Every structure is written in C-alpha cells, then in structure tokens.
Amino acid sequence: MAITVTMADYRTAEKSWWCPGCGDFGVLSALQKTLVDLQRLPHEVAIIAGIGCSGKIGNYINCYNIHTTHGRTLPVATGIKLANRDLTVIAAGGDGDGYAIGMGHFMHALRRNVDMTYLVMDNHVYGLTKGQVSPTSDAGFITSSTPQGNLEKPVRPLELALASGVGFVAQGFSGWVPQLIEILKAAIEYRGFALVNVISPCVTYNKVNTYDYYREALTKVEDIPGYDEKDRLGALKTVMEREGLVTGILYREEGPALEDLLPGFREEPIVSQDLRFRQEDLKALLEEHR
Amino acid sequence: MSGAKELAQIIRGVAHDEKGRPLPLTPAEAMALAEEVLETLFSSEEWPRMLERSGLRFVAFLPEEWELGSPALVFAQQWDGQSWVNLGRVEVSL
Amino acid sequence: MLNEFAWMVGGQQGEGIESSGDILATVLARQGYHVYGYRVFSSRIKGGHTSYRVRASTRPVRTPNEDIHLLVAFDQETIDIEGPQVVPGGVIAADSHFKPQLPPGLSANLLDIPLTELAKESGNPLARNVVAMGATAYVLSLRLEPFHDLIRDRWGRKGEEVVAQNIQALESGYRFAEENLKGLRFEVEAGDGRSRPALLGNYLMSIGAMAAGCRVMAAYPITPASDIMEYLVRKLPQYGGVVLQMEDEIAAITTCIGAGFAGARAMTATAGPGFSLMQEALGLAATAEIPLVIVDVQRAGPSTGMPTKVEQSDLMQMIYGTHGESPRIVLAPSTMEDAFYIMFDAFNLADEYQCPVIVASDLMLGVSLQTVEDEALDLSQVEWRRGHVAGEEELAAVKAGNFERYSVTASGISPRSLPGVPKGQYLATGVEHAPTGKVTENPQNRVAQMDKRARKLSSLKGGGTRYYGAEDPELLLLSFGSTFGAVEEAREALEALGKKVGHLVLRRLWPLPADELQPYLDKAEKVLVVELNSTGQLRHLVQMHMGYQEKLHSALKYNGLPFYPREIQLRAEEVMG
C-alpha cells in the first residue's frame, strides 16, 4: 500500500516567529503543498536554511533541517546532496543571506550545478535585524542604515543567474501561492540547480514593496505573448526590460547535473556505501610510491 | 462573527485619517468598522488577508496558517514611522 | 664508512630541483635506505633559490639535519647559501656552465662538472639533473643499476630513445666524476635491500583518510595543504567518494558540515589563513553536533606569513578558535605512520563525540618525503566506529517531529539520526536549541545544553602520549608534531653524553591529557617545551591547565626553518646548566 503524504505530515507544532502577514507564510505553505503534491516523504527531504527571518523556515516544516551560519546554505546543501543523492535537497534563505554575505557561494553554486533547489525569500530589506538596507533594496529606499535613501544599485539575481548558464531560473510571489506551487514543483523535479527567487514582502519594515504594489507591478510570463522559457537571451531581455518584475519559470533547459559528470560517482548514495578499506587496496596505493 | 467587539476596543482612540489626524470614533462606529474589517478579510480569496482602513492595518489568519490548531486570528497594526507595530490581536470563530 | 649521508641539490625554482631530489630519494628507498627528503621552496612558481635535501641512513631517519656530504649546485647562489653546510671533505658538484667559484673559507672539494654540456651530448638538454645523478652515484658509491631501473620506470613510456639518452646522461656524469675526483668519494654502508615506499606526509595522511572512510572532501587550494586535495581528487572516486574544490575555505568547511550531517565521513584540509576563515563554521559543527575533520597543515603566520615555511603557531586557534565556548578534539601526528593512523582516530572520534576533530599537521610533516615500513601500516589494527547512530528500530517509537536529537544524557552524547531514515527528522542548528533541536533561549535549557556538549569530552580516554628515554630524567623534553625526529636525535645525543633526558610526545593536544602528562612532569627536574612558534603556546597551555610554572622552559624557533637536532641539544644543555 502506498503511503499517502498529507499537509499534516509537513507541519510542526512550533509557534511562528514571523510577523502577521509576512510573505514567508505564503512560501512555507506553498513549499509544504508542493512536497505533498509530489508525495515526497518528510524524512527524504532536507531543508537547509540560512540566517534571517526566512531562515526560521526550518522550525516550521517537519523534515530533516539544518540551519547554517549566515550565508552558507548552498555549500552545506552541496555537501548533503553529494553525501546522499537520494534526498530532495532544498536550500532556503533571504536576500541578505543569499545575495550579500552568501553571494560568493551563489555565483559558484549556479555554475557548479548540483541537483538542488535554491529558494530565496526576497523582501528587499533586513527584517530580523530590524530594517536595514538589503542588497536587493531599491535605489533611494530609506531604512535605518540608509537614512538619506539607498545610494547603491540593487543586485539583480535573475539576470546574474541567467548570465551564469544555470538551467533553471524562476521567480514567484508569495501573494500568488498557486503559481508558486507550480514553480516549486518544476524546480524540485528539475535535475540540476534550480533558482527560485520569491518576492516575499516584509510587512513590517517595508512600506514600499508591498503586496498591493507587487500585484499591480508583476506580470506572469504566461501572460506575455510568445514567451519562450527555452530562450535564454529572450528571458534576459524580458527580465531587464521589466526591471525584474516578472514571475513564472523564466528559463528552463535540461542538461546534466554535476552528479552526472563527476567521475565514478555512484548511483548508490555515499552514506549507504561500506566505508571499510582493504589491505590490498592500501598495498596498491603504497606501491605507487616505491 | 465573534471578535468584533474586542477588535472595536483596539480600534477606538487610535484610528486616524489619511493626514495622520486623530479620527474620533463612537463605540458604534468602531464596532461597525470592526465588523466590516472582519467580514472583508474572511470573505477574501487573496493571500495574505490584509486590509488598510482608517490609518490602521489588519491581517487575518485562518486556523492552521498561524500555528497548528489555532483559532482564526486578526492582528491590528499601526505604522510608527519605521515599522508596522502590533496594537493587539483577537481570536475569531468563523 | 658512513652509515648515513646527506645530499642536497640547489638552484632556481623551476629548474627540476624537485625531480632531482625525488629521483635520488626513490632510488635510495628502493635499495633499503631510510630516507628523509625535504624541499625548501619559495611560493613563486619559477625563479628564486630553492633546494631539496635528502638524508639517507641505514637506520630510521625522521628529521633533516645540517650536514651535507654532496651538494649539487645549478647556480652560484646555491654554493654561496648552502656551501657552509658541506662537511669537511665533502663535495660540491657544480655546473661548469655558470663558472662556479668556491668562496674563501670553504673546505669542500669542488667538482666543476659540465652538467649542461654532458646533457646536450646525451641528446636531451633537459637531462642535466640526470647527469648530476651520475655524479652523485659516484661520490656516494651507489650502484648505477637502480638508477637505470628508475629511468626505465619513469621514461619508458616515452620510448627507448629517451631511456637511452637518460642512461647516457647518467653514465657520463658518473664517468666525469670518476675521472676528476680520482677516488675522492664516500664509502657508504649498503641499504638493507628492502624496498620501502617513500612519500609525502600529505599523501600518507590522504591515504589514511581514505582508508578511514572519508568519502567527501572539499577544500580550497593553499600551501602547504593542497597536496591532500590533489591526491584525493585522483583517488577517492575509485572508492565511491567525491572531492570538490570550492570557492573558498568557508564553502569547503560548510560543504563538509553538510556531508557530515547527512552521514558521510567528510574532511577538509587547509593551512592557517584558510583555518582562520573556517572559524565561524567550526562553532556551527560543534553546536549542531556534526562530525567533521579538519586537517591544518600549519605554516608560518600570522596573515599570509611565510607560506612555504614551517611553524606550529595555530595551536591556540585550534583549541580556542571560534567565538563562544565549544568542544573540539585536536590531534597531532608526529611521525609518518601516525599521519596514517591518526586519521582513523580523527574520524572515529568525530563520529563518536559528534564534534569537530582538528588534525594539527605542519609543513615539515606534510611536504617532506619519508620512507615508511609496509608492515607498519596495518588495517587489522584499526576500527571504523560510527558512534551512536539511531536506526529505524530505535526511531520506531518516536512521535513525528519529536525525535530528541539533543537529549540531555549522562555522557553528553545523544543519538544521531541521518536524513533518509523515517521518524528521525530534526532541526540541526547553531542557534541554542531544545533537545528536539527547536530553537529556544530558555535559561535552564541553555545551561543544560552547554553542559551536555562540554561533558561529551570528559569520557575521552587514551591521549596517545608517548615517552622515550631515562626513567628519572634530569630534563624532560616535551614536543608535538614534526619536531619529533629532531628532539629524539637531540635526546639520543645527550644520552650518549651521559645525560639523563626524557622525551614526552603529545598526540592529543586537546583536551590536554593531563593524566598522562602529570607523572612525567612531577618526576622531571626541568621541562623543556620544544615548539616552532615565538610565544611558547604549548608551554602556556600546560602551565594554564596544570601549573609547573617554575619547571617549564621553552625551546622556540620561528624563523621558518625546522628545528635541527643540534639546536635542541644546545638549548637543552643550556637549560640543564
């Protein structure tokens, strides 16, 4: 008899630390629903969360969770996936975690292409530290650390990802949960690194990038006539022309993941293999140094 | 819908107009506003259920959206110049 | 007749210095000599004075010394810098090409030999070092056949012509030395004929890691640790493992933390600067109780310091590094054999105690080439212990989401579940957490979890401290790591002079095995702590945890060079008064 996974399996009894209305609630319920729709068993899912409001997602979802140091979700996720390739591996964090302190890892994870999903809850502000400017904050945005308005240009994660050559780039909006579920399903099923940037409004420190603002400003790619998710250049053009205010699967191209290219990388997960060593193997290794 | 009375009590004395001037509400007016807020929030299909009225913001959660097994909740909030701060929350049975 | 001798080649980096040393060391090891090969290189790829020293003996050698019997010089700088180390009656074989001059005051014999010319005549202008090998064979009375064999092994794939050229180069060097030195050569005792593998400590440590079950290795290139990554990337896939070169050391250590969380044995290898970058993540592994092995091949710091020079100055960082207070184990190998075995202890302890284990290697141990005895590396002596991993049976009774991964136990060690196993789900986090892993700042819980983590290490047994020498020593030498060989030779020299000297070698540096040290420290009149740093870190550590202030003395060196036995002997005599 097949085991049926339900929403209850992915819930925890934790009280939420998020503010009422936080976009991360939408992301959490979309993620739980996605895993239920895909019938993934909670013990076969690993979620790697960063530091920040979004990093608390691991407290609210019942699966194997690891909450890393600030900005390090992607290398931790890389280690987990390589050690046990049977797991569904999802790294999750905020725009500060991923695009400021973790930016170095972001660019390299894109080109390394390990089979995992990277879910960024992008709210354009630092929430947990009480409202400082973030790498994706709009120019001119006034915060406690930019009292004169943000003087720097925002990071453009979608453009960076499209330029990196990664095979799956998407953006969702936590106000549009059904679309987000479809995106997450495709991302998790994609073989390789999948970026899902989710616009997830901060309802406490950001009075500019609100739900109402995004409902007005965002366009779904399915509403753009002739949009082709296999056209990288077209995707880049659309994202640039629309200042990143577009949701859906922006680019998807099948190809081998790193695991398919690693020499000798076995189908059997590393964690299941016998790690003992034989004296004759040792002898052969020493022979090379004689 | 229960909870309107408690919400009206939170609203009274803090509501203000678009220019930030105090908006004195009679008990009956506050009650009417609270009932309208609850009605609008819980009949909405939008996520999240969020509504701005009379200088305040209201956010509603269905059971299980906030914490497992909780009742429906409504938060009333006010912008303090830096952030939205909670004025209070009420439990609502639908 | 010599029962040991030392040879050195020097020249500009990129001139084949390393391959010359490698050829000689291998030939000697094949003939049954014990060999210690030590390269002194600068961090430039080409240019800059560099040398390779080979010490060979019919007895085990574990350290370089200062005497040279034959110096091969590819440039004048080599003669000027290294010449004074040549023993009276020794030979300097120098390439005629640069018109070598013997500086006044040197008593060595100069063999002005046309290395470059003879190489050209052999048909292979690059074979200058092979010509030098021929001369070497003559001066050290070595048979030529083993060199022929090595030439065939090395160049056989390139065809008979290349082999013939190299053999001609070798023999021309031998003949030239024979004709010009006219019997001025060293008679050397023959090796025991037992061929021994000769390899870098970094390689043997890599083999040890692999044999111990390391299957995920992530690192970032850094001198002098890169050999470990480079070795494993070629070998580990054959055993099902994977090696990734990451974007930085932070990524390297966190990748290992991920793999450790998932249940693989994972390791990173680095040197001081990289280890500094890893500090924050070290605290995560300790707090989230994730097994992790870090090899720190120490080099001269601080900051970039001297990347190609030895030091043992990361000790305090290994023991106390990362903010806050967290458990970790620090182990230091002092011999080649132990570089192999210590990796088993590192991985076993990491799994059993669910904490980071740092292997404190150093440049001398890492990049020196040494012979090992085959039978000394014996897998029947090792174990693979994985600690308390909760399987499906143990987890069957757990209510969903309630597995107490961090349960407060008497030993401090809690059962660990691995992703993929039903009902074992939990949150691993560097945030203070309840037994279930869920975040909490409850004061009682905080104290319970801090104490639990600290308590884990109190059950550690057997620090592996070793003792050599007199029963009731007047002076006790205390060392760790690569200085072992030099300290032992100093002790033996002092013993030969009738002094009562003991030598205590620490293996587990942290937690400091005070119970193992105390009897020796009590007995000794004076203690000389030998370490390659400027502040006496080990001495301070002993003093801080055990006292003995009035007994403790330091032998320190931090000029980038290894300790030589004579230096330690002199310092010991000074302390003994």
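Colleague: In this predicted model, which residues of helix 19 of chain C are buried?

Modeller: Burial is read here by counting neighbours, with 20 or more other C-beta atoms within 10 Å marking a buried residue. In helix 19 of chain C, which spans residues 537-546, the buried residues are C:Gln537, C:Leu538, C:Arg539 and C:Val542.

Colleague: What do the buried residues of helix 19 of chain C pack against?

Modeller: Their partners, within chain C itself, are helix 12 (315-320) together with strand 17 (475-480), strand 20 (526-531) and strand 21 (552-556). Just after helix 19 of chain C comes C:Gly547, whose phi is positive, at about 90°.

Colleague: How is chain C divided into domains?

Modeller: The bounds come from a domain assignment, and for chain C they give domain 1 (4-181), domain 2 (199-381), domain 3 (388-460) and domain 4 (466-576). Taken over C-alpha atoms, the centres of domain 3 and domain 4 of chain C are separated by 41 Å.

Colleague: How many residues of chain A are in contact with chain C, and which helix of chain A gives the most?

Modeller: An interface can be read from residue contacts, and here 49 residues of chain A are in contact with 59 residues of chain C. On the side of chain A that touches chain C, helix 3 of chain A gives the most, with 8 residues, and by class that side holds 23 nonpolar, 19 polar and 7 charged residues.

Colleague: Which strand of chain C is joined to strand 2 of chain A?

Modeller: Pairing is read from bridges, and 3 of them join strand 2 of chain A to strand 15 (residues 427-429) of chain C, the two running parallel; in strand 15 of chain C, C:Thr429 is the bridge partner of A:His67.

Notes. Residues numbered from 1 in each chain as written. Chains lettered and ligands numbered in written order. Predicted model: local features only at pLDDT ≥ 70, side-chain atom pairs only at ≥ 80, totals over all residues. Buried ≥ 20, exposed ≤ 12 C-beta atoms within 10 Å, placed from the backbone. Helix = DSSP H or I, 4+ residues; strand = E, 2+ residues; numbered from the N terminus. Contact = placed C-beta atoms within 7 Å. Nonpolar A, V, L, I, M, F, W, Y, C, P; charged D, E, K, R; others polar. Pairing = 2+ DSSP bridges.
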